[in-house]
Amino acid sequence: MTPVVHRRHDPALGEFALRTLDPEGDAGLLHRWVTHPKSAFWLMQDADVDRVAREYRGIADHPHHDAYLGLWRGEPTFLAERYDPARIELVGLYPAQPGDVGMHFLCAPTDRPAHGFTLAVITTVLDWLFADPATRRVVVEPDVRNTAVHALNAAVGFTVVGPIRKPEKDALLSVCTRDQFLAATRGDVPA
């Protein structure tokens, strides 16, 4: 079993954790998630299991990109990725700053959604990213049409920088500092 790299207790929903993703071992599970109609913005609707495994093997082997499987109450329920936006994904598309970390997340599709689950997931992912003292800002670039994630981003402290054009989509670049995250989720900022 891959060790857990981060844990967070959500007051309403309980234990969340992240572990390093196993590209081959988790490929079947990820395939079900990324090809589901609710995951259209993940841009892998037509992928087969082998392509999913290759994609995540490439991420695992990349020096500036990592993927993690998210657990809720010990069960796989979300996916998180972190990357260096100065080296991949956003190179030349925005003025990168030292300490910027890029993030993607995907909640597993379910027929029984738990109230507040997606907010708890993004809060857990940001809590993990900001646990690294080198992280000064988290940068995201969701599809401009993904209004649900824009609302979630705002709820945890992201501010919109503006639209950018990527090869695969028109994206809404947003950033969140540690202080913005703490103010949005805890109502406080460090001294």
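Author: In this predicted model, Thr147 and Ala148 are exposed and lie on the face of α4 turned away from its buried side.

Reader: Which residues are buried in helix α4 (residues 147-155)?

Author: The general idea comes first: an α-helix has 3.6 residues a turn, so residues three or four places apart point the same way. In α4, the buried residues are Val149, His150, Leu152 and Asn153. Because they cover an arc of only 165° around the axis, they fall on the same side of α4.

Reader: What do the buried residues of α4 pack against?

Author: Their contacts are with β5, α3, β6 (137-140) and β8 (170-177). Just after α4, glycine 157 takes a positive phi of about 110°.

Reader: Which residues of helix α1 (residues 27-34) are buried?

Author: Ala27, Leu30, His31, Trp33 and Val34 are buried there. These residues are on the same side of α1, because the arc they cover around the axis is only 165°.

Reader: How many of the 14 residues of α3 are buried?

Author: In α3, 12 of the 14 residues are buried, so this helix is largely enclosed by the rest of the structure. Among them are Phe117, Trp128 and Phe130, as well as Asp127. Helix α3 (residues 117-130) reaches 20 Å from its first C-alpha to its last, close to the 20 Å expected at 1.5 Å a residue.

Methods: Residues are numbered from 1 along each chain as its sequence is written. This is a predicted model: local features need pLDDT of at least 70, side-chain atom pairs count only at pLDDT 80 or more; totals for chains, interfaces and linings use all residues. Side-chain values use heavy atoms; hydrogens and water are left out. Buried means under 20% relative accessible area, exposed over 50%, partly exposed in between (1.4 Å probe, protein chains only). Helices (H or I, at least four residues) and strands (E, at least two) are DSSP runs, numbered from the N terminus. The arc is that of the directions from the helix axis to the C-beta atoms. The expected span of a helix is 1.5 Å times one less than its number of residues. Contact means heavy atoms within 4.5 Å.
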